[in-house]
Amino acid sequence: MVKKLFRKRSINVCIVNTGGCNGCDIEIVSCLSARYDIEQYGIYVHNNPKEADVLLVTGPVTLQWAERLKEIYEKTPEPKIVVAVGACALSGGIFKEGHVIGGVHKVIPVDAKIPGCPPRPSEIIEAILKVAPKALAMREEKLKEKNK
């Protein structure tokens, strides 16, 4: 009951690293620091995709991660919003010559893209805030259908 009350107006984010250098992951973690304080916007980071509204995917999709990424996407409840973070997640980046399928869009649908190597924390927060209204609206719609 309490969990549903707080989730009603907050965005829950799950970080998925599909391979790469972890540069984008460091920038995402810095969003949690006192300087950027992502939680002041009602954005909470979880490790559980079953509780996520938004998947933040970093790194190129390696051959080993392709099926696993699809599974994680399927486990994510609606609205299933995906944000590709960094050059590697968009195109494979510097790793595209190895055992890499390419960008996240080749495996699952992507709603927002954040270019950069790595992108700044402010850009990451801005992208999440741009998709947040869509996530909240879709959640409200789903709740209304459920209550009918």
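The structure is a predicted model, in which local features need pLDDT of at least 70 and side-chain atom pairs count only at pLDDT 80 or more, while totals for chains, interfaces and linings use all residues. Residues are numbered from 1 along each chain as its sequence is written, and side-chain values use heavy atoms, with hydrogens and water left out.

## Overall fold

The protein chain has five helices and seven strands. Helices (H or I, at least four residues) and strands (E, at least two) are DSSP runs, numbered from the N terminus. Read from the N terminus, the elements follow the order α-β-α-β-β-β-α-β-α-β-β-α. The radius of gyration of the protein chain is 15 Å, close to the 15 Å given by the globule rule for 148 residues, so the chain is as compact as a globular protein of that length. Here the radius of gyration is taken over C-alpha atoms, and the globule rule is 2.2 Å times the number of residues to the power 0.38. Along the principal axes, the C-alpha atoms fill a box of roughly 50 × 35 × 20 Å.

Of the 148 residues in the protein chain, 42% are buried. Buried means under 20% relative accessible area, exposed means over 50%, and partly exposed lies in between (1.4 Å probe, protein chains only). The accessible surface of the protein chain comes to about 8,500 Å², and 55% of it belongs to carbon and sulfur atoms. Accessible areas come from the Shrake-Rupley method with a 1.4 Å probe; for residues, only the protein chains shown count as cover.

Among contacts between residues at least 6 apart in sequence, 81% join residues at least 24 apart; a contact means heavy atoms within 4.5 Å.

Ser 122 is found in helix α5 and is partly exposed, with a relative accessible area of 38%. Ser 122 and Gly 42 are 80 residues apart in sequence, and their C-alpha atoms are 15 Å apart in space.

## Charges and salt bridges

The protein chain carries 22 positive and 17 negative charges, whose mean positions are 4 Å apart. Lys and Arg count as positive and Asp and Glu as negative, while His and the chain ends are not counted. The place of a charge is taken as NZ of Lys, CZ of Arg, CG of Asp or CD of Glu.

The structure holds five salt bridges, each defined as a side-chain nitrogen of Lys or Arg within 4 Å of a carboxyl oxygen of Asp or Glu. The table includes some of them.

| Salt bridge | Closest N and O atoms |
|---|---|
| Arg 68 – Glu 71 | 3.1 Å |
| Glu 74 – Lys 80 | 3.7 Å |
| Glu 126 – Lys 130 | 3.5 Å |

Arg 68 and Glu 71 both lie in helix α3 (residues 66–75), three residues apart, about one turn of the helix. Arg 68 is partly exposed at 36% relative accessibility, and Glu 71 is partly exposed at 40%.

Glu 126 and Lys 130 are four residues apart in helix α5 (residues 121–147), so about one helical turn separates them. Glu 126 is partly exposed, with a relative accessible area of 43%, whereas Lys 130 is exposed at 62%.

In the bridge between Glu 74 and Lys 80, Glu 74 is exposed, with a relative accessible area of 56%, and Lys 80 is buried, at 14%.

## Backbone geometry

Most residues other than glycine have a negative phi, and most peptide bonds are trans. Several sites in this model depart from that pattern.

Lys 80 lies in the loop between α3 and β5. Although Lys 80 is not a glycine, its phi is positive, at about 55°. Pro 79 is found in the loop between α3 and β5, and the peptide bond from Glu 78 to Pro 79 is cis, with omega near 20°.

The peptide bond from Cys 117 to Pro 118 is also cis, with omega near -15°. Pro 118 is found in the loop between β7 (112–114) and α5.

Asp 37 is partly exposed, with a relative accessible area of 30%.
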